[in-house]
Amino acid sequence: MKNLGIAVFASLVVFSQGVFGHEFNWTNLMLASAKLQPAFDYEANVDSYMYIYRNDVWDRYRNDEFELQDKRDETQEIMKSRIDSFDIGEAFVINTSFDFGEYDFSNGIFPVESIGESAYFSESRYNSKSFPSTYRVFFDNPEMIGDLKMNKELAKSFLNSRKSSYGSVDRSINAKMEFVIIETKTNPRDLVAQLTKVTFYKDRNRTGVLETFESN
């Protein structure tokens with residue numbers, strides 16, 4: 001398994017889905033970060049929360065400090081409830097892709113260009129006010145993702161199935177990463193996650209499983 005650097009891996013994100021877990025988006029990362037901060041400052045972020053999630057209320061009352069204070073108190077309770085109810089133990093899901101290299105005849109594998117501890121996925125939001133504009137998720141167990149193990153005959157057939165009529169080979173494989181966020185780094189925009197399951201698929205529609213890696 002070959003590890004990719006920060007810039008390369010961060011650019012591999014294709015799309016996310018939350019069918020069986022949290023959708024990988026800015027809002028959910030913000031909620032996770034806030035939930036993991038024992039001293040999260042609700043008062044310092046209430047105006048930003050109101051601006052983002054109750055924009056009609058913000059626009060209507062922002063110029064009246066008396067009405068606005070009431071709306072701040074109201075919004076702070078809404079924010080606390082939403083963060084408290086956010087399930088930090090529920091897995092996030094990212095659909096992405098990895099590249100594999102030339103077949104290693106000695107070890108019977110296609111080496112996968114995977115992630116290292118310095119690589120991350122990120123989500124950003126324009127005009128996030130007091131919240132971080134970008135949240136980054138790093139992984140503390142990237143070694144869980146292995147290589148594609150195949151005997152020579154199966155490997156040859158697999159490679160042929162990905163070869164075009166012009167002889168070029170598609171060496172990217174679609175993958176689904178499932179993970180839980182466990183802590184924030186010193187800067188709360190940076191989150192640390194543990195991979196729980198990574199699935200490689202045979203096809204672009206993700207209908208056939210090629211390989212699955214799970215944490216112990």
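Me: Why is Arg54 called buried?

Reply: In this predicted model, Arg54 has a relative accessible area of 16%, and since buried means under 20%, Arg54 counts as buried.

Me: What makes Glu74 partly exposed?

Reply: Glu74 stands at 34% relative accessibility, and because buried means under 20% and exposed over 50%, with partly exposed in between, Glu74 counts as partly exposed.

Me: How do you know that the side chains of Glu74 and Arg54 meet in a salt bridge?

Reply: The N to O distance between these two side chains is 2.6 Å, and a salt bridge asks for a side-chain nitrogen of Lys or Arg within 4 Å of a carboxyl oxygen of Asp or Glu, so the pair of Glu74 and Arg54 qualifies.

Me: Why is the pair of Lys176 and Glu178 called a salt bridge?

Reply: The closest N and O atoms of Lys176 and Glu178 are 3.9 Å apart, and because the cut-off is within 4 Å, the pair is counted as a salt bridge. Lys176 is buried, with a relative accessible area of 15%, and Glu178, at 15% relative accessibility, counts as buried. Elsewhere, salt bridges that share partners join Arg54, Lys71 and Glu74 into one network.

Me: What do Arg136 and Asp190 tie together?

Reply: Their side chains meet in a salt bridge with an N to O distance of 2.8 Å. Arg136 lies in strand E8 (residues 134–139) and Asp190 in strand E11 (residues 190–201), so the pair links parts that are 54 residues apart in sequence. Both Arg136 and Asp190 are buried.

Me: Why are helices H2 and H5 called roughly perpendicular?

Reply: Helix H2 (residues 26–35) and helix H5 (residues 65–85) pack at an angle of about 90°, with their axes 9 Å apart, and because angles of 65 to 115 degrees count as roughly perpendicular, H2 and H5 are described in that way. The contact is made by Thr27, Leu31, Ala34 and Lys35 of H2 together with Arg82, Ile83 and Asp84 of H5, and by class it has three nonpolar, one polar and three charged residues.

Me: Which residues touch the most other members of the largest nonpolar core?

Reply: Of the 47 residues in that core, they are Leu148, Phe179 and Phe200, while the largest share of the core, six residues, comes from H2.

Definitions and conventions
Residues numbered from 1 in each chain as written. Predicted model: local features only at pLDDT ≥ 70, side-chain atom pairs only at ≥ 80, totals over all residues. Heavy atoms only, no water. Axes fitted to C-alpha atoms, helices over the stretch in contact; angles between N-to-C directions. Helix = DSSP H or I, 4+ residues; strand = E, 2+ residues; numbered from the N terminus. Parallel < 35°, antiparallel > 145°, perpendicular 65-115°, else oblique. Contact = heavy atoms within 4.5 Å. Nonpolar A, V, L, I, M, F, W, Y, C, P; charged D, E, K, R; others polar. Core = buried A, V, L, I, M, F, W, Y, C linked by side-chain atoms within 4.5 Å. Buried < 20%, exposed > 50% of the residue type's maximum accessible area, 1.4 Å probe, protein only.
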